[in-house]
Amino acid sequence: MTDTSVWAARQTAVDVIDLTGDDKDDLQRAIALSLEESNRAFRETGITDEEQAISRVLEASIAENKASLKRTHPEVWSDSPNPYDRKRQDNCPVGLKNVGNTCWFSAVIQSLFNLLEFRRLVLNFSPPANAQDLPRNQKEHRNLPFMRELRYLFALLVGSKRKYVDPSRAVEILKDAFKSNDSQQQDVSEFTHKLLDWLEDAFQIKAEEERDGEKPKNPMVELFYGRFLAVGVLEGKKFENTEMFGQYPLQVNGFKDLHECLEAAMIEGEIESLHSENSAKSGQEHWFTELPPVLTFELSRFEFNQALGRPEKIHNKLEFPPILYLDRYMHKNREITRIKRDEIKRLKEYLTVLQQRLERYLSYGSGPKRFPLVDVLQYALEFASSKPVCTSPVDDLGASAPASGTLPAQTSPSTIEQQGPSSSDVPSTSPVQRSVIHKPFTQSRIPPDLPMHPAPRHITEEELSVLEGCLHRWRTEVENDTRDLQESISRIHRTIELMYSDKTMVQVPYRLHAVLVHEGQANAGHYWAYIYDHHQKRWMKYNDISVTKSTWEELERDSFGGYRNASAYCLMYINDKEQYLIQEEFNKETGQILVGMDTLPSDLRDYVKEDNKRFEKELEEWDAELAQKAQQEKLLSQIPRAPAPSPAPVQAGEPEYLEQPSRTDLSKHLKEDSVQAINKALAEQEDRGPEAIMDSSSDNGPAQPAPNQRVVEVAIPDVGTFVIESEEGGYDDEVMLTPNMQGIIMAIGKARNVYDRCGPEAGFFKAIKLEYTRLLKLAQEDPPPECDYRLRHAIVYFIQNQAPKKIIERTLLEQFGDHNLSFDERCRNIMKVAQSKLEMIKPDEVNMEEYERWHQDYRNFRETTMFLMVGLEFFQKKSYMEALLYLIYAYQNNKELLSKGPYRGHDEELISHYRRECLLKLNEHAAALFESGDDQEVNNGLIIMNELIVPCLPLLLVDEMEEKDIVAVEDMRNRWCSYLGQEMEPNLQEKLTDFLPKLLDCSTEIKGFNDPPKLPSYSTHELCERYARIMLSLSRTPADGR
């Protein structure tokens, strides 16, 4: 009895330690107790100072030093200025803003909030009526204000119109309580412990106030705490002890699934001693006597590396089921469970023997290299069955080698005779006696009549028959033995899997409600949560402000471990039979389900309404600002300006409004004559090329210049040399060199005969049709990347993207109406016809807003091209910092263009490749600077990471289908996480610890960037030339995996 009492004193029933006070000894005792429960060595030897230090490290996570706690967040973490980006969509769940390495807060709070019973308890909590009369000790001074802020936060999560809400006020209360000497930020485990303790204290005050002589019930204890019975032997003496537990700790290392972890946690020491009377060994079993409705498992994924003096994360894979049956761990089932455990132990021992035997068949041999025995026998059979050869393989190669020198020669018979007979003494059947003709690039090939595999020299038919019979028989026997072993192993595995599947052992189902995931290393990382929507029957991913639909497959990938650096750190299961945990509220009078704001008490409903009004006002102010800008732009657009370059008709026929009479006094009869002239001119000019047109146009020469005009000779590429007459200042030579103007001048030149015979309007119709036909052919071609006709002609861009017919027609008219065409009489007259046609277009015939949108899209396309071109030029010069921002904007703008159509932008994979390569090279450069140890270089490296790389990571993570981008992000993170296991100066360790949480933040929220880099001004000719040059250089460069 004395020994039992001593043990019971160490294993006190319902041992609750206050973690909320300022006494650090309580915290150390709690840590010691936790280690005592999970490790027999600790129980036997006691908790040393060193072990206490290790436990503190194991319980800690992302470390944030004092300076980082005080700093303000840089611009990249700021909210989007557009409130519509922060507006909640329909009934999408509300996210929580990360206000400074608080992803641990978001993950836990969202998991609890989505537990409807817990949500109701918090929302309906009211402070004690005599709260002002209570002693204002440290605990109450903190717990009640926190409870108030938690209610406000939950209310906003229910009814806010915002996409995400700010939890700063609740977090600040937590941080004040969590600060230690090292100002460490807590991890999920410790935060959950503390949170439940605070809530328990707050509800306890309320429960004691409302009790009527009865022992008060605390809803937090009822919801999250259970009991187990510890049955064991200590130094030969049996004991039984009941203990209370909240979160149940489980070791991960060495186990493959959750049941294995639980089995190890429930049985400690030599369990055989529990059933023997005369044993001096120690051990114990745990049996659940009372399970909580919400059962939380802490997965210990950290171990302390004694050599390095720091913790390391365990990345091993650990599987867990969506439904967990806990019958085998219940005290009421202990007898049948013990029988099944003994049977499983026996089966596993037998399984080990079978696996060892199978391994001997699958890895046969005594040397370092081993092979499956069935393959060895097959190879021996193939060798024995090969056609015998009579010569040495060395002699074969020597005889078939080419003669000296580089010229091909034919082996002569005399040469063969000098070589003499082979050792096999078979004179005339040797393959080398055939003449072999050696040809360039084939001299190293094996002659076709030499055997491809080694073969026996001497084997008789009788020997071969006996050997083949034996090998066939042995191979069949080995195949049968291997198959029998594999089938037996599979049967045993199946038997073990089904051991607890009988009806009596599936009566206590727990459904997985939430998985809290940690990505990173022991000292730094990021948390997010997968939470099951029990009503929609789907998984949701809660990653700070981002709340998205997910799948079990994605949860497996991120939570099981063994893939990247992400793995589950905490599992929250709920009793599947206790439907009140997830049941919606109903209106007592109408019986209808209460949703949204209807579920809130009146004080919280008013609080949320006020916040929604503030957000609606923000939306209204944004709308007013946009309306003001739009009005200003409209006023600016009404200011007369020169026509912009643009496109042509989509249909084969002429534009409809081009056939209306112009305001020149041409008669209807002249109009009909013009149409006939056009048809006749089309037939005449079918077979005449541009050279002939240009030759004929130069015969007449330009008209004599007027006295107030100047004469200039201009050479236009692809067109020819022209004598241009123009008023002073009326000729823009840059415009004259554009591809648009070149095409128009060529079209007018081709229409010369029509112009001379039928006048300006007929010449205009001929020229515009020729130019449109040329552009249509260009749009239908598939040129190489360096020859992008869209850059040369806006109309090609419009045709490829199926712009409306009227948009293309007006654009082409504006090009023909350009005032720079006034360099000779013919062009000037055609220009005037085009201008008159433009004036005739009625407002309702062309939607000018749509027209402007198409031209703005084309300007965006050219701008994206310039971003891409400049970025690639910097990349090739290895100026990666300069290249990155250009490539980032190129990718983002291009993605927006491609969302409207496949021909709106450039090759997305190409831009993605160079953006990714740029980030990887900058990451390596920053890491090299950090490794140098020099303060200035270390700071420069971290500036590169903080200002360039970290803000870009969400851009690579936002599309999970881009596997290469995800792998690149993982490579960059691993590069920096690898430093955690290395010795370094304390100041470097401090900087690394401060930086890593930003790098490991998995949020896909797109952060703000600086303004786009300024682009140089390029003429169309220069843009096309430089773009062609850079694309050609890429085609000559290795793809590097692109």
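**Entry 1: the whole protein**

I looked up the accessible surface of the protein, which comes to about 53700 Å², with 51% of it belonging to carbon and sulfur atoms. Such areas come from the Shrake-Rupley method with a 1.4 Å probe, and for residues only the protein chains shown count as cover. I note that this is a predicted model, where local features need pLDDT of at least 70, side-chain atom pairs count only at pLDDT 80 or more, and totals for chains, interfaces and linings use all residues. Residues are numbered from 1 along each chain as its sequence is written, and side-chain values use heavy atoms, with hydrogens and water left out.

I found that 47% of the 1042 residues are buried (under 20% relative accessible area; exposed is over 50%, partly exposed in between).

I recorded 37 helices and 18 strands (DSSP runs: H or I of at least four residues for helices, E of at least two for strands, numbered from the N terminus).

**Entry 2: a negative patch**

I located a negative surface patch formed by E477, D481, D484 and E487. In a patch, residues have over 30% relative accessible area and no salt bridge, with like charges joined within 9 Å and nonpolar side chains (Val, Leu, Ile, Met, Phe, Trp, Tyr) within 5 Å. A salt bridge is a side-chain nitrogen of Lys or Arg within 4 Å of a carboxyl oxygen of Asp or Glu. D481 belongs to helix α17, residues 461-497, and is partly exposed at 32% relative accessible area.

**Entry 3: a nonpolar patch**

I then found F586, I593 and V595 in a nonpolar surface patch, with about 290 Å² of accessible area together. F586 sits in the loop between β16 (566-575) and α19 (602-637). With 44% relative accessibility, F586 is partly exposed.

Key
Lys and Arg count as positive and Asp and Glu as negative; His and the chain ends are not counted. The place of a charge is taken as NZ of Lys, CZ of Arg, CG of Asp or CD of Glu. Buried means under 20% relative accessible area, exposed over 50%, partly exposed in between (1.4 Å probe, protein chains only).
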